[in-house]
There are 2 protein chains.
Amino acid sequence: MTGIAHRQIVSLMDKFLLDLDRAFSALSDPTRRAIVSRLCEGPKSVTELSEPFDLALPSLLKHVRVLEQSGLVSSEKTGRVRTCRIEPHALQATEAWIHQHIAGWEARLDRLETHIDRMKRN
Amino acid sequence: MTGIAHRQIVSLMDKFLLDLDRAFSALSDPTRRAIVSRLCEGPKSVTELSEPFDLALPSLLKHVRVLEQSGLVSSEKTGRVRTCRIEPHALQATEAWIHQHIAGWEARLDRLETHIDRMKRN
């Protein structure tokens, strides 16, 4: 991720602080993560989405609803078919939060290494 | 993140599938995310950690325990002082899961663009 894109996403993320709670919570379930995985391959109808899962349709729809409320997924009904798609910005904002913290931790580690090197030389 | 490091983390992540459930669940709470933020600045005693929070110590310890169970944080008691530190690999594995999916989604988008360009030209 480039620096600018990263900053844009972090500011986007600040705007929707509550969504981050919901996004992480939504991703804490393996079925919901599997739904996200499949939707990253492209939009799918609820029926297509349900194929690999040994789940009753109401249970699947419950998971889809949790993902929709988190902002990670959106869906649209045309006639009798509900099509689900991934919302990449929400997924990126979730990654950005973690990335920002790993980067902070790595920067701290680099400073420590520099400090130790300096101590060794003196 | 480099390609090799990313693959290593993904394989690490596959090994500890359950931890990913717990890691995302742990990060779904704003107080726990704030604890992670502070620990990314360096290890801290529980007392130091509690300073910015308007929380009774047992509540804070409960959050620390959830973070420990998720693998994101570890703690060690020396005498009467419990020191908490971040476990960066767990944080990286959590990021890697999301990163892998965003990358998949972006690759799909690129293929779509190439396809559209080709259609325009013909």
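In this predicted model, the side chains of A:Asp21 and B:Arg33 are joined in a salt bridge, with a nitrogen-to-oxygen distance of 2.7 Å. Across the interface of chain B and chain A, 2 salt bridges are found in total. B:Arg33 also belongs, together with B:Glu95 and B:Trp105, to the residues of chain B that lose the most area to chain A, and these residues account together for 22% of what that side buries.

The interface as a whole brings 30 residues of chain B into contact with 30 residues of chain A. About 2,700 Å² is buried between chain B and chain A, and 67% of this area lies on carbon and sulfur atoms. Because 100% of the interface residues of chain B are also interface residues in chain A, the copies meet through the same surface. Chain B is superposed on chain A by a rotation of 180° with 0.0 Å of shift along the axis, the RMSD being 0.0 Å; that is the relation of a two-fold axis.

Within chain A, helix H3 (residues 30–40) packs against helix H5 (residues 57–70) at an angle of about 75°, and the axes of the two helices lie 10 Å apart. Since angles of 65 to 115 degrees count as roughly perpendicular, H3(A) is described as roughly perpendicular to H5(A). On the side of H3(A) the contact is made by A:Thr31, A:Arg32, A:Ile35 and A:Val36, and on the side of H5(A) by A:Leu60, A:His63, A:Val64, A:Val66 and A:Leu67. The residues of this contact between H3(A) and H5(A) comprise 6 nonpolar, 2 polar and 1 charged.

Methods:
Residues are numbered from 1 along each chain as its sequence is written. Chains are lettered from A and ligands numbered from 1 in the order in which they are written. This is a predicted model: local features need pLDDT of at least 70, side-chain atom pairs count only at pLDDT 80 or more; totals for chains, interfaces and linings use all residues. Side-chain values use heavy atoms; hydrogens and water are left out. Axes are lines fitted to C-alpha atoms, for helices over the stretch in contact, and angles run from 0 to 180 degrees between N-to-C directions. Helices (H or I, at least four residues) and strands (E, at least two) are DSSP runs, numbered from the N terminus. Angles under 35 degrees count as roughly parallel, over 145 as roughly antiparallel, 65 to 115 as roughly perpendicular and the rest as oblique. Contact means heavy atoms within 4.5 Å. Ala, Val, Leu, Ile, Met, Phe, Trp, Tyr, Cys and Pro count as nonpolar, Asp, Glu, Lys and Arg as charged, and the others, Gly among them, as polar. Copies are superposed by least squares on the C-alpha atoms of residues with pLDDT of at least 70 in both. Buried area is the accessible area (1.4 Å probe) that two parts lose on being put together, summed over both. A salt bridge is a side-chain nitrogen of Lys or Arg within 4 Å of a carboxyl oxygen of Asp or Glu.
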